[in-house]
Amino acid sequence: MRPFDYHRATDAADAARLASAHPGARFIAGGTNLLDLMKVQVEQPAQLIDINRIGLDRIEDEDDGGLRIGALVRNTDLAAHDRVRTDYGVLSRALLAGASGQLRNKATTAGNLLQRTRCPYFYDVSKPCNKRVPGSGCSAIGGMSRGLAIVGGSEHCIATHPSDMAVAMRVLDARVETVRADGSTRTIAIADFHQLPGETPHVETALEAGELITHVTLPPPLPGRHVYRKVRDRASYAFALVSVAAIVSGDDRRVAIGGVAAKPWRMEEAEKRGGADAIGDALEAEARPTEQNRFKLTLARRTLAATLTEASA
Ligand SMILES: Cc1cc2nc3c(=O)[nH]c(=O)nc-3n(C[C@H](O)[C@H](O)[C@H](O)COP(=O)(O)OP(=O)(O)OC[C@H]3O[C@@H](n4cnc5c(N)ncnc54)[C@H](O)[C@@H]3O)c2cc1C
Ligand code: SF4
């Protein structure tokens with residue numbers, strides 16, 4: 001690991017000030033992804049800004065019946081929160097499907113949304129990777145691509161986003177609240193938060209340099225049955241090959257698919273047209289799989305069918 005300077009922020013405004021004073025600095029929350037990346041020198045920040053003592057660790061009811069989640073709320077606490085379990089079951093289930101108990105005790109709401117891809121070449125600094133070194137090439141295209149994207153990729157990158165929580169946040173239409181380095185604030189719809197690779201795979205989110213996530217807000221609860229189903233190589237402690245978050249109430253269904261793209265994938269038109277077949281057909285129509293990950297299309301259809309059957313029961 002390269003040497004770095006350590007700063008401890010006292011509140012969100014202080015964190016924004018420190019980010020503004022130290023361009024290229026990284027915020028550190030749970031550190032469960034950032035520190036791993038620093039150890040293999042994928043990330044080499046000269047400055048770390050510790051945001052663990054800035055507050056933002058509460059879950060509060062909103063006047064409209066929604067929920068406001070602090071950026072530093074740990075995954076364990078969010079999954080176990082009474083209202084999350086009762087009113088946003090899909091989120092609780094997605095969180096508990098991720099990582100391990102120890103990791104969830106450290107991992108934070110914002111850090112989870114911002115975790116980096118698990119593409120093996122991204123972590124291997126001896127291999128070309130456009131996401132790590134823009135313009136260097138993509139080793140996965142023509143290489144090992146089994147776990148990678150089947151939709152939304154580009155000729156420059158076919159990485160997936162690994163978060164389970166983000167898939168549930170997408171089906172719930174969460175909003176991300178931020179403070180920029182200049183102190184101004186804004187709200188970003190989760191649908192617009194993660195970016196597809198296009199020609200700039202290193203640009204992964206709508207965040208600007210030094211922009212801090214302060215909260216994630218959920219709209220008032222949606223009626224219906226909430227289900228999250230994750231399919232992976234091992235029964236636990238593995239990232240999703242395909243996952244499906246669904247909320248079904250009568251003929252109304254909302255579905256987000258994980259493990260297939262650089263962001264949670266939603267196809268609202270297909271949701272209105274029908275169930276698993278309609279959504280599976282729409283996914284297949286957009287898909288550009290490699291030979292190694294073509295199986296994800298069948299897996300997605302089967303996971304959609306099983307999830308929607310369970311949610312409709
Ligand atoms: C072995 C292992 C297995 C795992 N399995 C799964 C799994 O199955 N499913 C899953 O979803 N995840 C899994 N994870 C990933 C884990 O969920 C993430 O590492 C964790 O959620 C990241 O949160 P953190 O608070 O530790 O982030 P950090 O590592 O502290 O930060 C991650 C990134 O977010 C930035 N950041 C953090 N907070 C903020 C903020 N408030 N504003 C702006 N930027 C911020 C940091 O600068 C950094 O770039 C696994 C991780 C490991 C190590
Ligand atoms: S898929 Fe993306 S992350 Fe993986 S090697 Fe290619 S550019 Fe890098």
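Predicted model: local features only at pLDDT ≥ 70, side-chain atom pairs only at ≥ 80, totals over all residues.
Residues are numbered from 1 along each chain as its sequence is written, chains are lettered from A and ligands numbered from 1 in the order in which they are written, and side-chain values use heavy atoms, with hydrogens and water left out.

**Overall architecture**

- Along the principal axes, the C-alpha atoms fill a box of roughly 50 × 50 × 35 Å.
- The secondary structure comprises 12 helices and 11 strands, where helices (H or I, at least four residues) and strands (E, at least two) are DSSP runs numbered from the N terminus.

**The five-stranded sheet**

- Five strands form an open sheet in the order S4-S5-S8-S6-S7, with antiparallel pairing; two strands pair if DSSP finds at least two bridges between them.
- Its edge strands are S4 (59-61) and S7 (185-189), each of which pairs on one side only.
- On average, neighbouring strands of this sheet are turned by 25 degrees against each other, direction ignored; axes are lines fitted to C-alpha atoms, for helices over the stretch in contact, and angles run from 0 to 180 degrees between N-to-C directions.
- S4 and strand S5 (residues 67-70) run antiparallel and are joined by three bridges, with Glu 60 opposite Arg 68 in S5.
- The hairpin of S4 and S5 has five residues between the strands, and Gly 65 takes a positive phi near 100 degrees there.
- S5 also pairs with S8, in the antiparallel sense, over four bridges; here Ile 69 stands opposite Val 216 in S8.
- Five bridges link strand S6 (residues 175-179) to strand S8 (residues 212-218), again in the antiparallel sense, and Val 179 faces Leu 212 in S8 as its opposite residue.

- A second open sheet, of three strands, has the order S9-S10-S11 with antiparallel pairing.
- Strand S9 (225-231) and strand S11 (252-258) are the edge strands, each pairing on one side only.
- Neighbouring strands are turned by 10 degrees against each other on average, direction ignored.
- Helix H12 (residues 295-312) packs on this sheet and touches S9, S10 and S11, its direction making about 30 degrees with that of S10; contact means heavy atoms within 4.5 Å.
- S9 and strand S10 (residues 242-249) run antiparallel and are joined by seven bridges, with Arg 229 opposite Val 244 in S10.

**Cavities**

- The structure holds two cavities of 30 Å³ or more. On a 1 Å grid over the protein atoms alone, a cavity is a set of points where a 1.4 Å probe fits but cannot get out, a pocket is an open set with protein on both sides within 12 Å along at least five of seven lines, and lining residues have an atom within 4 Å of a point.
- The largest cavity contains about 90 Å³ of space, a volume being the space filled by probe spheres set on grid points that are joined across faces, edges and corners.
- Of the 17 residues lining the largest cavity, Cys 119, Cys 129, Lys 131, Cys 138 and Cys 157 are the closest to its centre.
- That lining divides into 11 nonpolar, five polar and one charged residues; Ala, Val, Leu, Ile, Met, Phe, Trp, Tyr, Cys and Pro count as nonpolar, Asp, Glu, Lys and Arg as charged, and the others, Gly among them, as polar.
- The second largest cavity contains about 40 Å³, and its lining residues include His 161, Ser 163, Ile 257 and Lys 263.
- Helix H8 (165-171) and S11 each supply at least two residues of the lining of the second largest cavity, which has six nonpolar, four polar and one charged residues.

**The second largest pocket**

- About 420 Å³ of space lies in this pocket.
- Its lining has 24 residues, with Arg 118, Gly 147, Phe 239, Ala 240 and Leu 241 nearest the centre.
- By class, the pocket lining has 12 nonpolar, seven polar and five charged residues.
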